[in-house]
Amino acid sequence: MNEIILELTEISPREFFGQQNEHIDLLKKYFPKLKIVARGNKIKVYGDEELLEEFEKRFDLLTQHFIKYNKLDENSIERILTSSEDDQPKSSKNSGETLVHGVSGRLIKAQTANQRRLVDASKNNDMVFAIGPAGTGKTYTGVALAVKALKEKQVKKIILTRPAVEAGENLGFLPGDLKEKLDPYMQPLYDALRDMIPAEKLVHYIENGTIQIAPMAFMRGRTLDNAFVILDEAQNTTHAQMKMFLTRMGRNARFLITGDPGQIDLPRRTISGLKEALLILQNVPGIEVIYLDDKDVIRHKLVKEVIEAYKTIEHHN
C-alpha cells in the first residue's frame, strides 16, 4: 500500500480541516478507497498510487483556494473535488479588479477612479507617490497592493514605515518599550493588514520578518531588496529623511510613498521632504505621482463635509 504525507505550512490546520474535521470527512466521502488521517498540520493518505496522485492534485487546488480566499467551505470543496481540469478558474491578468481576498472572504478593491489609477501606476512603475487628504484610501490601497505582491511572490517581504512625529507629541512620553511606543503610530498600517491577512498568519509573518513595521530611523544603512516598501505620512519627513529613504531602494524593490501635504506636523520652518521630493522628482522616468482628492473619500459621508468646511477657513488664513 502506498502512502503520501502532505503538510500545511502557511495555513491554519484548524480552519483548513474545518470544525471537528468536517472538511476531512468530505475528502473521505469523495475518495472512499483512500485511508485519510489528519494529525496536527499533516495529512497522511494511504492507497492506490493513481488515486493518491489525483488526491494530491485536488489537495493542492484546495490549499491554493484557501491561500487566495482565506476560507474554505463545503461548496468550494465540492466544486474543487468534482470539477474537471477545464473548469478550474484560470487567473486572468485583467482580473485586477479585486486586489486581495481579505479576511472572511472580504473583497478588497480599488473603489474609486484615482485608486484604480494608483493600482495601474504601481504595476507600471517601481516608485509611486500617492498624494491626497485623509480618508482617500492611499494607505489602505497601498497595503493591499503590497499584500497582493507578497501573495503572488513578486516580492519576499513587506516593509511599512512612518516618520515618528505626530501632532507635536513626543515619543518619550509614551509608556513601554520601543515596539509599544511605535505601535500607536503604526496603527493604521496594522488595521489595514488585519483586514487582509488572517490573524495567525499575520503574527507569523511579523515574527519571521516577512512583514516589518518600523520607524524611519530603522531604514538607515539598509538596502531594501525584493520588498514592497510603503512610506506612510511622508509629509512629516525632513529633507534628510526623505533622501535617505529613497536611496534605500534595492533590486526588485517597489516603493510607495503616501502623504498629505496639507497635514504637516513638522516644526516651523522645516521643509517637508515630501513637498521637496514632488518638485525635484516630477520629471524622472519610472516615478509616477497620483493625486487623490475629496471624491476618493470613502469614510462616512460627513468626512467629505468636514474636509470642505476646513478648506474654507484654511483658504482665508
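Mentor: Let's begin with a term: a residue is called buried when its relative accessible area is under 20%, and exposed when that area is over 50%. Keep in mind that this is a predicted model.

Trainee: Which residues of α3 are buried?
Mentor: Leu52, Phe55, Arg58, Phe59, Leu62, Thr63, His65 and Phe66 are the buried residues of α3. They cover an arc of only 155 degrees around the axis, so they lie on the same side of α3.

Trainee: And which residues are exposed on the other side of α3?
Mentor: Glu50 and Glu53 are exposed there.

Trainee: What do the buried residues of α3 pack against?
Mentor: Their partners are β1 (2-7), α1 (13-17), α2 (22-30), β2 (35-39), β3 (42-47) and α4 (74-82). Packing here rests on heavy atoms within 4.5 Å.

Trainee: How do you know that the span of α3 agrees with what a helix should give?
Mentor: α3 (residues 49-69) has 21 residues, and at 1.5 Å a residue it should span 30 Å; its end C-alpha atoms are 30 Å apart, so the two agree. After α3 comes Asn70, with a positive phi near 60 degrees.

Trainee: How do α5 and α6 cross, left-handed or right-handed?
Mentor: α5 passes α6 in a right-handed crossing. The axes of α5 (residues 113-124) and α6 (residues 138-151) come within 10 Å and cross at roughly 40 degrees.

Trainee: Which residues make that contact?
Mentor: Gln115, Leu118, Val119 and Ser122 of α5 meet Lys138, Thr141 and Leu145 of α6. By class, the residues of this contact are three nonpolar, three polar and one charged.

Definitions and conventions:
Residues numbered from 1 in each chain as written. Predicted model: local features only at pLDDT ≥ 70, side-chain atom pairs only at ≥ 80, totals over all residues. Heavy atoms only, no water. Axes fitted to C-alpha atoms, helices over the stretch in contact; angles between N-to-C directions. Helix = DSSP H or I, 4+ residues; strand = E, 2+ residues; numbered from the N terminus. Left-handed = near helix turned anticlockwise from the far one by under 90°. Nonpolar A, V, L, I, M, F, W, Y, C, P; charged D, E, K, R; others polar. Expected span 1.5 Å × (residues − 1). Buried < 20%, exposed > 50% of the residue type's maximum accessible area, 1.4 Å probe, protein only. Arc of directions from axis to C-beta.
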